[in-house]
Amino acid sequence: MSIRVAVDIGGTFTDFVCLNESTGNIIEEKAHTTPANFASGVIDAVGKSKINLSEVQYFAHGTTVVINAVTERKGAKTALVTTKGFRDVLEIGRANRPDMYNYFYKKPEPYVPRRLRFEIDERVDYKGNVLQAVDEHEVRHLAKQIKAENATAVAICLLNSYANSAHEQLIEQILAAELPNVEITTSSSIVKVWREYERTSTTVLNAYVKPAARLYLNTLDETLRELGLETQPYAMQSNGGTATFNLAKEMPISLIESGPVGGVIGGAALGKVLGEENIITFDVGGTTAKTSLINRGEVKITTEYKLEWTPQFAGYPIKTPVVDIIEIGSGGGSIAWIDEVGILKVGPHSAGADPGPACYDKGGNRPTLTDANLITGRLNPDNFLGGTFKVSLQKARDAVKPIADHFSISVEEAAMGIIKTATSNMLNALKLISVRRGYDPRDFAMLAQGGNGALLSPHLAAELKVKKLIIPNLPGTFSAWGMLMTDLRQDFMQTMIMPVEGADLNKINEIYDEMEQSAYAVFSKQNIDPSRIMLMRSAEFRYIGQEHAVAAPVGAGKIDQEALYTARREFDRLHNHHYTFSLPDAAAEMVNFNLTAYGVVNKPDIKKIETKTGSAEDALKSHRDVLFEGYGKKNCPVYNRPMLAPGYKINGPAIIEESKSVTVLCPEQLLEVDAYGNLIIEVMAEV
């Protein structure tokens with residue numbers, strides 16, 4: 001028997017998906033996330049599934065441990081070692097700021113205070129030539145200072161170390177011998193690219209979370225093995241691939257968006273089967289709403305990720321590859337509140353898993369989006385999570401009543417106001433990922449996922465005017481399912497500025513050869529057969545005089561002048577797409593050379609399901625009143641999704657319930673079940 005398992009820790013629930021490859025059966029479970037010890041939530045979910053871990057052949061895990069440690073500032077006491085004169089790089093940051101006219105703007109506070117930032121009198125130029133060697137005695141003296149400060153992590157980021165890492169490696173060796181219980185991160189081991197502030201920020205954040213990530217992954221690994229797991233577990237990375245726990249412990253910053261990425265990869269895999277190359281994924285959980293765009297079947301990866309970025313806050317740059325996701329603090333547990341001028345707001349603060357929304361009756365008394373959905377009839381208090389978790393409608397009404405009283409309206413009207421406010425925020429995020437980046441939503445299908453995705457997406461799909469909405473099987477645990485569709489992945493980057501005309505082809509081939517050898521070495525340690533390794537090259541080009549670059553694919557094999565010109569022409573095309581102009585006759589240069597390496601693993605097949613005779617009326621459970629924006633209260637049929645067979649059609653309004661999710665079909669919408677069991681909603685009117 002072959003069993004594949006994926007577990008995704010969310011802000012409110014921990015999702016579990018298990019596939020029995022022999023029978024094709026899928027088990028999904030949800031357990032409450034346990035912030036005090038995240039591993040407990042994982043074990044609870046595994047226990048509810050009643051599977052035997054000794055039969056598991058593949059185990060993938062998405063975790064919020066890293067992003068929580070950073071955002072809650074609960075990481076390690078970290079020291080920074082840098083080149084003399086560059087102690088204040090984190091403080092200086094960038095001169096540009098997101099909110100130009102905000103007189104109250106404050107720069108992000110560094111994760112390493114100035115007293116823990118130490119200088120080494122060394123120097124390497126931008127070509128990698130050593131101008132001043134490292135004094136080993138100075139490093140040993142510095143080790144004593146770090147020890148006296150009781151730092152438990154050290155980040156080493158020297159000027160131009162992307163061109164020559166020898167000094168960083170030497171300092172690492174000395175500090176490792178002098179400080180045996182301290183976690184050390186070198187910039188050259190995780191991000192060999194230029195831009196001093198961004199590279200330093202990435203290195204510091206990796207060091208900051210490394211002890212917590214190592215402790216968590218070690219604890220979870222040990223617990224899983226005690227329960228019978230024999231195979232090597234994998235961690236979901238932000239770049240859309242997986243890595244072994246051992247590799248993830250060394251580079252935990254690669255897990256910064258670990259959970260949400262699974263849903264994007266799953267969306268791309270499902271899109272290929274359905275013949276939909278253009279998809280906007282929309283994932284609404286308990287704490288956040290996340291959206292990403294898949295164009296021509298390709299998941300967009302960015303190295304311009306900024307943690308905690310908002311239009312008013314510059315955030316913290318991370319230069320490692322991350323699936324391009326826009327995330328806002330708006331989910332089922334988002335708290336509704338009245339601001340100082342009397343305006344209703346929803347989020348970004350969340351009731352989380354403990355105490356959770358007021359309706360959970362676990363001590364929470366503040367109104368949330370989930371409470372509002374319960375009051376408007378979208379959720380059934382007797383069928384929450386398939387009836388396995390009892391919620392209180394009265395507690396929800398009590399929590400929303402102060403908002404109703406503030407505006408002198410009914411509790412139902414206040415609940416609808418909460419929903420409208422939340423969906424307005426979500427619609428803006430959907431436009432940011434599509435319209436504002438030059439994509440027409442009418443050319444895209446939208447795929448809803450997460451515990452609240454199917455609940456809210458039909459209305460949002462109509463507003464966005466996408467061509468269709470897809471509610472996949474297991475929408476409530478889709479991110480976990482998506483992890484079963486991922487390959488192992490490692491990204492390699494190297495900065496070297498070189499003009500296209502007259503480029504040093506030998507040097508370019510040398511760079512790619514070195515990165516490819518590193519990729520084979522990494523996957524060899526993970527027992528991946530060389531025949532299952534796939535390599536994809538790219539380079540970042542820019543017109544001479546520009547500041548930033550655009551990545552374009554580079555062909556395999558030995559790079560000659562014609563291959564370089566082909567990549568240059570693709571850069572012109574991509575530049576025109578992103579910025580509406582190109583300069584094909586202008587001189588261009590390459591800035592970064594990149595390699596993405598995949599270790600291809602077996603994935604589950606997406607199979608068609610049996611067609612049944614009959615009609616959707618066979619799945620009819622009941623009727624109930626539901627409040628819709630613009631339509632008022634409607635008496636809606638309620639259907640049991642597992643009984644809906646391919647070909648069944650339903651006219652809105654209607655409610656489709658399943659164990660871990662609810663789909664709210666709006667008036668004037670048509671739903672049809674496709675051959676794979678997905679719910680396809682044609683958006684026929686603005687609702």
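This is a predicted model: local features need pLDDT of at least 70, side-chain atom pairs count only at pLDDT 80 or more; totals for chains, interfaces and linings use all residues.
Me: Which residue of β10 stands opposite Val154?
Reply: Strands β9 and β10 run parallel and are joined by 4 bridges. Across from Val154, the residue in β10 is Ile184.

Me: Which residues of β10 are buried on each side of the strand?
Reply: In a regular strand, side chains alternate between the two faces of the sheet. Both faces of β10 are covered. The buried residues are Glu183 and Thr185 on one side, and on the other Ile184 and Thr186.

Me: Are helices α1 and α7 roughly parallel or roughly antiparallel to each other?
Reply: Helix α1 (residues 38-49) packs against helix α7 (residues 196-226) with the axes 10 Å apart and at an angle of about 30 degrees. Angles under 35 degrees count as roughly parallel. Therefore α1 and α7 are roughly parallel.

Me: How many nonpolar residues does the contact of α1 with α7 have?
Reply: The crossing of α1 past α7 is right-handed. From α1 the contact draws on Phe38, Ala39, Val42 and Ile43, and from α7 on Tyr216, Leu220, Thr223 and Leu224. By class, there are no charged residues and 1 polar residue, while the nonpolar residues number 7.

Me: What is the relation of helix α4 to helix α5, oblique or roughly parallel?
Reply: The axes of α4 (residues 136-148) and α5 come within 10 Å and cross at roughly 45 degrees. Angles under 35 degrees count as roughly parallel, and those of 65 to 115 as roughly perpendicular. The angle of α4 to α5 is therefore classed as oblique.

Me: How many charged residues are in the contact of α4 with α5?
Reply: Helix α4 passes α5 in a right-handed crossing. Glu136, Val139, Arg140, Leu142 and Ala143 of α4 meet Leu170, Ile171, Ile174, Leu175 and Glu178 of α5. Of the residues in this contact, 7 are nonpolar and none is polar, and the number that are charged is 3.

Me: Is Ile256 buried or exposed?
Reply: Ile256 is found in the loop between α8 (245-250) and α9 (258-274). Leaving aside residues up to four places away in sequence, Ile256 touches Val66, Ile67, Val70, Ser238, Tyr305, Leu307, Ile318 and Val322. Its relative accessibility is 1%, and buried means under 20%. Ile256 therefore counts as buried.

Me: Which residue of β32 stands opposite Asn640?
Reply: A further open sheet has 4 strands in the order β29-β30-β32-β33, with mixed pairing. Within it, strand β30 (residues 632-640) and strand β32 (residues 654-658) run parallel and are joined by 3 bridges. Opposite Asn640, the residue in β32 is Glu657.

Me: What is the omega of the cis peptide bond that joins Gly652 and Pro653?
Reply: Most peptide bonds are trans. The bond from Gly347 to Pro348 is cis, with omega near 0 degrees, and Pro348 is found in strand β22 (residues 344-350). Pro653 lies in the loop between β31 (649-651) and β32. The bond joining Gly652 and Pro653 is also cis, with an omega of about 5 degrees.

How values were computed
Residues are numbered from 1 along each chain as its sequence is written. Side-chain values use heavy atoms; hydrogens and water are left out. Axes are lines fitted to C-alpha atoms, for helices over the stretch in contact, and angles run from 0 to 180 degrees between N-to-C directions. Helices (H or I, at least four residues) and strands (E, at least two) are DSSP runs, numbered from the N terminus. Angles under 35 degrees count as roughly parallel, over 145 as roughly antiparallel, 65 to 115 as roughly perpendicular and the rest as oblique. A crossing is left-handed if the near helix is turned anticlockwise from the far one by less than a right angle, and right-handed if clockwise. Contact means heavy atoms within 4.5 Å. Ala, Val, Leu, Ile, Met, Phe, Trp, Tyr, Cys and Pro count as nonpolar, Asp, Glu, Lys and Arg as charged, and the others, Gly among them, as polar. Buried means under 20% relative accessible area, exposed over 50%, partly exposed in between (1.4 Å probe, protein chains only). Two strands pair if DSSP finds at least two bridges between them.
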